Amino acid sequence: MVITDERWYSDIADAIRTLNACDEHYAPSQMADAILSLPIRANINYFADYLAESAPSMRYLIGNSATQITNPMSMNATLEYVMYPRVSLISDYAFYYCSSLSTARFPRCVTVGRSAFYRCSALSVIDLAACVTVSDYAFAYCSSLKAVSLPSCETVGSSAFYACPSLELVSMPRCVSVYQFAFAMCSTITSVYLPECRVISNRAFSRCDALSSVLLEACETVGQYAFQSCSSLSTVTLPMCRTLSDMAFYGCVSLTRLDLTGVESVPNLYSSTVFYSTPIGGYGGYGSVYVKAAMYDAFLADPVWAMLSNRIAIA
């Protein structure tokens, strides 16, 4: 931990002496080493509590031995860097509205709580290599976040990355569920890597204006308005698709190719409104749904898909 305001030196020194049961003198330059050398048996979380309550001008928070965050730092306007190597849970609202926080490193964190980093407008670096669950609104309105790589993440909650206007790249190779509005209004996303994702929920990628192509190798269900108004989206590949919900691609004015060549049964199509205001639906150009030859007749025999018979083509 780095203390940036000398008004807190004497109180921190008293805390160290208490936990070490000694009467040592600690100079300001010795504070960090003294804290990090505390025995494991000491209640290291005491410092997290103390700093949260008493050091509003703190810029850096490093909890090398802490296993939990006992006192959230929400609304701290000066905190810039936080690292907790052993913490497994970031509690709800833990860093809510920390407007100067630019770096957050939690390499062993499994769960990021609801609104944990909500409106951390300076946040640009996150280290969450072990994270399995990103809860609702966890990173909503993080306007400086450009890339998200979560190699262990399985679930992305509702509005988890809502309105992150600088976000360009998303990589979550183990993610199976993306909930509603998860990446909605992320206008600069260009690349999404979700090879294991089975469910894209309602409005999950609504108004992602820069997204031009999507490959969802394991996706079975695309929710209502899932890609609404993704104006650059031209190609979507869904080899395992089973359900396309109402208005799934509404307003995708560049969508000219839906590749379903991998499907072994005809997906459930809510209605032709799935492609409302798209070239596949007859708006502003011509688009096609591509299927393999062995499935072509089955698509035409389906009463809903038959409404798009002139748009179904053999790849």
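This is a predicted model: local features need pLDDT of at least 70, side-chain atom pairs count only at pLDDT 80 or more; totals for chains, interfaces and linings use all residues.
User: What does the secondary structure of the protein come to?

Analyst: Four helices and 21 strands.

User: How much of the protein do buried residues make up?

Analyst: Buried residues account for 46% of the 315 residues. The accessible surface comes to about 13300 Å². Carbon and sulfur atoms hold 48% of that surface.

User: Why is V148 called buried?

Analyst: Its relative accessibility is 2%. The cut-off for buried is under 20%. V148 falls under that cut-off, so V148 counts as buried.

User: Where does V148 lie, and what is it in contact with beyond its neighbours within four places in sequence?

Analyst: V148 belongs to strand β8, residues 147-149. Leaving those neighbours aside, V148 contacts F161, L167, L169, V170, S171 and M172. Take L167: it is 19 residues from V148 in sequence. In space, their C-alpha atoms are 7.8 Å apart.

User: Among contacts between residues at least 6 apart in sequence, what share joins residues at least 24 apart?

Analyst: For the protein, that share is 23%.

User: What makes S115 a buried residue, and where is S115 found?

Analyst: S115 is found in the loop between β5 (111-112) and β6 (125-127). Its relative accessible area is 5%. Buried means under 20%, so S115 qualifies.

User: Which residues does S115 touch, not counting those up to four places away in sequence?

Analyst: S115 touches Y93, Y96, D136, Y137 and A138.

User: How many disulfides does the rule count?

Analyst: The count comes to zero.

User: What about C208: how far away is the nearest cysteine sulfur?

Analyst: The nearest is that of C230, 5.0 Å away.

User: Are C131 and C208 buried or exposed, and how do you know?

Analyst: C131 has 0% relative accessibility, so C131 counts as buried. C208 also has 0% relative accessibility, and therefore C208 counts as buried. The cut-off for both conclusions is under 20%.

Key. Residues are numbered from 1 along each chain as its sequence is written. Side-chain values use heavy atoms; hydrogens and water are left out. Helices (H or I, at least four residues) and strands (E, at least two) are DSSP runs, numbered from the N terminus. Buried means under 20% relative accessible area, exposed over 50%, partly exposed in between (1.4 Å probe, protein chains only). Contact means heavy atoms within 4.5 Å. Accessible areas come from the Shrake-Rupley method with a 1.4 Å probe; for residues, only the protein chains shown count as cover. A disulfide is a pair of cysteine sulfur atoms within 2.5 Å.
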